[in-house]
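Notebook open, model loaded. I want to go through the fold, the helix packing, the core and the chain end.

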Amino acid sequence: MHKIRRLLFLVSLAFAGCACPDAQRASADLATYEWFAPVMTAYIEADPKLDEGAKRIHLRALEAWGQRVIADAKARGLR
């Protein structure tokens, strides 16, 4: 669980610095999310150390990140 928190924290730091990304940044964010989300979802769901509540929290954080990335991509006409 500690590794997941650290990883999510690092990902959030990477994307928190730009409140209004340009099209190139939004495209990179979208590509990163589309690659990372399925991998992280599978990791969270399979982690035997996480109880169901912890899994829900981590999956919600991942979903919130995805919603922001997708909204940015749509705002730039990428989706």
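My entries follow, from the overall fold down to single residues.

**Ground rules.** I am working on a predicted model, in which local features need pLDDT of at least 70 and side-chain atom pairs count only at pLDDT 80 or more, while totals for chains, interfaces and linings use all residues. Residues are numbered from 1 along each chain as its sequence is written, and side-chain values use heavy atoms, with hydrogens and water left out.

**Fold.** I looked up the secondary structure and got three helices and zero strands, in the order α-α-α along the sequence. Helices here are DSSP runs of H or I with at least four residues, strands are E runs of at least two, and both are numbered from the N terminus. Of the 79 residues, 30% count as buried, meaning under 20% relative accessible area with a 1.4 Å probe, protein chains only (exposed is over 50%, partly exposed in between). I also checked contacts, i.e. heavy atoms within 4.5 Å. Among those with a separation of 6 or more, 73% join residues 24 or more positions apart.

**H2 against H3.** How do H2 and H3 cross, and at what angle? The axes of H2 (residues 23–46) and H3 (residues 52–75) come within 9 Å and cross at roughly 165°. That makes H2 roughly antiparallel to H3, the label for angles over 145 degrees. The axes are lines fitted to C-alpha atoms over the stretch in contact, with angles from 0 to 180 degrees between N-to-C directions. I noted the residues that meet, including Phe36, Met40 and Ile44 in H2 and Leu62, Trp65 and Val69 in H3. By class, this contact has 13 nonpolar, four polar and five charged residues. Nonpolar here is Ala, Val, Leu, Ile, Met, Phe, Trp, Tyr, Cys and Pro; charged is Asp, Glu, Lys and Arg; polar is the others, Gly among them.

**Core.** The largest nonpolar core has 15 residues, and Ile4, Phe36, Met40 and Trp65 have the most contacts inside it. Such a core is a set of buried Ala, Val, Leu, Ile, Met, Phe, Trp, Tyr and Cys residues joined through side-chain atoms within 4.5 Å. H1 (2–16), H2 and H3 each supply at least two residues, and H2 gives the largest share, six. I clicked on Met40: leaving out residues up to four places away in sequence, it touches Ile4, Leu7, Leu8 and Leu62.

**Chain end.** Is Arg79 buried or exposed? Arg79 counts as exposed because its relative accessibility is 52%. Arg79 sits in the segment after H3 and touches Leu30, Glu34, Ile70, Ala73 and Lys74, not counting residues up to four places away in sequence. Ser27 is 52 residues from Arg79 in sequence, yet their C-alpha atoms are 9.5 Å apart.

Methods. Parallel < 35°, antiparallel > 145°, perpendicular 65-115°, else oblique.
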